[in-house]
Amino acid sequence: MITLSEIAHNIHVKLSGAITNETLLSITEMAIVGIILLGSLVMLSFFLGYMERKVAAFMQIRLGPNRVGPKGSLQIVADTVKLLFKEGLTPNASDKFLFNTAPYIMVITTMLVIAPIAYSSGFQIWDTSIGVLYVSSVSSVSVIGILMAGWSSNNKYSLLGAMRCGAQIVSYELSIGLSLIAIVVLTGSLRMSDIVMSQADGWWIFKGHIPVLIAFVIFIIASTAEINRAPFDLAEAESELTAGFHTEYSGMKFAMFLLAEYINLFIVCAMGATLFLGGWMPLHFGADNAFNHAMDYIPGFVWFFGKTFFLIFVIMWFRWTFPRLRIDQLLNLEWKYLLPISMINILLVTIIAIFGWHF
Amino acid sequence: MGLGSYISTVFSSVKSLLSGMKLTGYYFTHHKEIVTQQYPENKREGALILPERFRGEVTMPHDENNEHRCTGCQSCELSCPNGSIKIITKQEVQPDGKKKKAIDTWVYHLDMCTFCNLCIEACPTQAIVMGQEFEHSVFDKKKLKKILNKPDSKLKAGVE
């Protein structure tokens, strides 16, 4: 069976035959990877937009988009074409430089974060030794984009939304970090491929007893807050702040915020899938046995995307079920519940790791 | 807050969130619950189902003798929040020589109506009901001013 890493290797061999200059070769490969990444991320956000609208519709006993294309699947394409033709308005009283830079910062941040994610065995853009740290630190740069958008719009709703978003991300970063540390403690490595390989005899959510399960639940809650999705969408809160930090944006600049939101959703779920559900690793129990061999026939990227989309579905399920929290309830939840629980939890995980009680 | 109530808060909130997710999960997997109707198609196929309490327009039912139940008390006109009902009354001479108030024209401005149902609730004789017709689009706004009582209609005997 041809794997993704073999395809990538073949392309590399062919290219190095054609281009002898070492620097030029790596630049060409980077450009190819970048173009593929951009294209696939846009397609991904199209799909996620369609999925979100369909999931929302079925959960609210509606039909959802069903006119454009088969079962409404081209609705998002139609919406994008509409946004392309809209005027990208910059308000007169805004800080024009910051206003026009903010959407690009959002998209660039999400593109950076996607680098160390492992899609399949040996198929990864950048297998850095600080993968988890890199993701959790770079993803918090997106708050700067949001604050820039809110501040430069010169609009009270935008500013309120951006400030709420800042408070929210700064608080939830703590518990998201602590729940990631739980897995890092068990694995002993920050490298994504090491984390995936450590789950070859069972995913951490099964191996790590209840503390890892708690860490997983905290990770899901905190990451929902981190990407500003309902029930933590105070930054947007359309009933009170019209649209929060992107109130003044229109056309493609607005579409960029939307793109960044969906890619963030994908990244967060991919991280959850990699750390807790084994990434591209098939469902294994124990070492060498028939069940494991049967599971190995399903390719790695199918496992990875299956797990990721399962988590995305769960987060969408949250969005269309739970009511939005008030700002004080939001901060209470973090500082009074999630943070103490995850601190005790990290202690338990450390004890398990030291005594080797995990399977 | 004691430790016991802290822990019980965590568990009870998780339980309530899960019960909400159970309901939306049920709706997600059971598509027969969907209430949306696909309008132009279902009209063509004759599958348009309107609920009994659907509010299309205010109508005044007349029986086979061209008699209605409206006494001209104007309760509906008073109850209408945006003045879309105008009742013009006249004095009718009864066979015994007494004069009695009766409606001349019952004017209904459909273009102003918000379908709040207050006139129907206010009517003491059930003379008006909400109809099921909802395709009201016209090219001329004047066509939305309707006179509900039919020409030469009379008050039904015995309705006070």
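How many residues of domain 1 of chain A are in contact with domain 2 of chain A? In this predicted model, local features need pLDDT of at least 70 and side-chain atom pairs count only at pLDDT 80 or more, while totals for chains, interfaces and linings use all residues. Residues are numbered from 1 along each chain as its sequence is written, and chains are lettered from A and ligands numbered from 1 in the order in which they are written.

Chain A is divided into domain 1 (1–85) and domain 2 (86–355), with bounds that come from an automatic or database domain assignment. The C-alpha centres of domain 1 of chain A and domain 2 of chain A lie 20 Å apart. Between them, 21 residues of domain 1 of chain A are in contact with 22 residues of domain 2 of chain A, two residues being in contact if their C-beta atoms, placed from the backbone, lie within 7 Å. On the domain 1 side, α1, α2 and α3 (75–84) of chain A each supply at least two residues; helices (H or I, at least four residues) and strands (E, at least two) are DSSP runs, numbered from the N terminus. The most is given by α2(A), with eleven residues. By class, this side of domain 1 of chain A has 13 nonpolar, six polar and two charged residues. Here Ala, Val, Leu, Ile, Met, Phe, Trp, Tyr, Cys and Pro count as nonpolar, Asp, Glu, Lys and Arg as charged, and the others, Gly among them, as polar.

Helix α1 (residues 4–18) of chain A packs with α2(A) at an angle of about 140 degrees, and their axes are 10 Å apart. Axes are lines fitted to C-alpha atoms, for helices over the stretch in contact, and angles run from 0 to 180 degrees between N-to-C directions. α1(A) and α2(A) are therefore oblique to each other; angles under 35 degrees count as roughly parallel, over 145 as roughly antiparallel, 65 to 115 as roughly perpendicular and the rest as oblique. The crossing of α1(A) past α2(A) is right-handed (left-handed if the near helix is turned anticlockwise from the far one by less than a right angle, right-handed if clockwise). H12(A), L15(A) and S16(A) of α1(A) make the contact with L25(A), T28(A) and E29(A) of α2(A).

Within chain A, helix α4 (residues 96–113) and helix α6 (residues 142–152) pack at about 160 degrees, with axes 8 Å apart. That angle makes α4(A) roughly antiparallel to α6(A), and their crossing is left-handed. Residues of α4(A) that meet α6(A) include L98(A), F99(A), I105(A) and M106(A), and those of α6(A) include I144(A), M148(A) and W151(A). By class, the contact of α4(A) with α6(A) has nine nonpolar, six polar and no charged residues.

Eleven residues of chain A are in contact with 13 residues of chain B. Helix α2 (residues 22–59) of chain A gives the most to the chain A side, with three residues. That side has nine nonpolar, one polar and one charged residues.

In chain B, three strands form an open antiparallel sheet in the order β3-β4-β6, where strands pair if DSSP finds at least two bridges between them. β3 (85–93) and β6 (145–147) of chain B stand at the edges, each with a single partner strand, so one side of each lacks a neighbour in the sheet. Neighbouring strands of this sheet are turned by 25 degrees against each other on average, direction ignored. Strand β4 (residues 99–109) of chain B pairs with β6(B) in the antiparallel sense over three bridges, and Y108(B) stands opposite K146(B) in β6(B).
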